Amino acid sequence: MADTPEYVPPKVWTWERENGGRFANINRPVSGATHEKTLPRGEHNLQLYSLGTPNGVKVTIMLEELLAAGHSGAEYDAWIINIREGDQFGSGFVAINPNSKIPALVDYSTPAPTRVFESGSILLYLADKFGAFVPEDPSERAECLSWLFWQMGSAPYLGGGFGHFYAYAPYKMEYPIDRFAMEVKRQLDVLDKRLAENRYLAGDVYTIADMAVWPWYGVLTMADSLYGAAEFLDSQSYKNVLRWRDEIAARDAVKRGRIVNKTSGPLDQQLRERHDASDFELRTQDKLEAAE
Ligand SMILES: N[C@@H](CCC(=O)N[C@@H](CS)C(=O)NCC(=O)O)C(=O)O
């Protein structure tokens with residue numbers, strides 16, 4: 001692999017299996033299942049297959065917010081899809097998400113099971129299903145959805161672009177880091193200006209737009225999180241983002257949602273599978289390991 005100005009792409013690109021970088025072992029240029037594997041199913045109507053990454057956490061925050069708001073129909077089972085082990089390519093998972101990426105949800109409360117993939121789509125599905133965290137007024141709803149879709153369109157520059165080259169690529173390359181750092185800082189500035197005049201992204205009320213953006217851009221500004229890039233991006237200068245970040249971080253449902261399906265970090269901050277509200281008290285990884 002070369003990243004010098006001398007690199008001349010071949011006429012037809014071919015797959016070099018060992019091109020290095022974290023996650024190189026799970027990346028493929030084709031889609032579809034690699035092996036047969038049925039998905040587990042728990043007792044609740046909502047079955048979530050996910051991992052505690054920013055895209056996964058959006059959905060567990062939403063489910064915990066719905067439960068906190070009294071929507072008991074939002075009880076859910078959260079199962080781990082270990083993307084480093086290739087679980088996303090199991091036949092059961094591919095059947096609910098042909099794109100092989102977490103998160104994916106199955107709702108068994110509908111006449112036939114409803115599969116939902118793409119985190120933004122899952123947030124909107126749940127918001128509509130429970131009539132919560134998305135405004136009813138058409139203009140306010142449009143503002144909320146604009147920010148929700150802003151996140152879906154913007155985060156690939158942050159994750160797949162900046163995060164990949166800053167934290168995961170086999171070696172540091174100035175050109176892509178420079179290009180994507182500039183774009184991510186521009187995005188932070190977009191958010192900062194919006195949040196200078198509005199408490200939340202959609203206006204006065206907390207919505208699925210905040211739940212989608214916070215795990216990416218809120219967590220990005222935290223000293224110890226997401227690519228370890230807070231200082232590099234001078235995230236402390238985005239004062240309105242920090243104010244919004246802290247307000248959302250203090251919500252109990254966010255504290256709960258953040259640790260579901262998490263497989264790294266302090267053991268008391270990892271609830272690898274979630275099947276019941278009591279799991280937060282009884283089944284975090286520190287307690288499970290102490291009981292072994
Ligand atoms: N646009 C998708 C992106 C999902 C996504 O990129 N998920 C990552 C983890 S955060 C994944 O499953 N990666 C596994 C892979 O690429 O094979 C969404 O928002 O749901």
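Helices (H or I, at least four residues) and strands (E, at least two) are DSSP runs, numbered from the N terminus. By that definition, the secondary structure of this chain comes to 10 helices and four strands. Before I continue, please note that this is a predicted model, in which local features need pLDDT of at least 70 and side-chain atom pairs count only at pLDDT 80 or more, while totals for chains, interfaces and linings use all residues. Residues are numbered from 1 along each chain as its sequence is written.

Let me begin with the chain as a whole. From the N terminus on, its elements run β-α-β-α-β-β-α-α-α-α-α-α-α-α. Along the principal axes, the C-alpha trace spans about 60 × 50 × 45 Å. The radius of gyration, taken over C-alpha atoms, can be set against a globule rule of 2.2 Å times the number of residues to the power 0.38. For 292 residues a compact globule would have a value near 19 Å, and the chain, at 20 Å, agrees with this.

I turn next to the hairpin. Strand 3 (residues 104–107) and strand 4 (residues 114–117) run antiparallel and are joined by four bridges; two strands pair if DSSP finds at least two bridges between them. Six residues lie between the two strands of this hairpin. Ala104 has Phe117 in strand 4 as its bridge partner.

Which residues surround the ligand? Among them are Ile102, Pro103, Glu118 and Ser119, where a residue counts as near a molecule if its C-beta atom, placed from the backbone, lies within 6 Å of it.

Most residues other than glycine have a negative phi, and most peptide bonds are trans. The peptide bond from Ile102 to Pro103, however, is cis, with omega near 0 degrees. Pro103 lies in the loop between helix 2 (91–96) and strand 3. Glu118, in the loop between strand 4 and helix 3 (119–130), has a positive phi near 75 degrees.

Glu118 is partly exposed, because 16 other C-beta atoms lie within 10 Å.

Finally, Asn261 also has a positive phi, of about 65 degrees, although it is not a glycine. Asn261 is located in the loop between helix 8 (252–259) and helix 9 (279–282). With 27 other C-beta atoms within 10 Å, Asn261 is buried.

Methods: A residue is buried if 20 or more other C-beta atoms lie within 10 Å of its own, exposed if 12 or fewer, and partly exposed in between; C-beta atoms are placed from the backbone.
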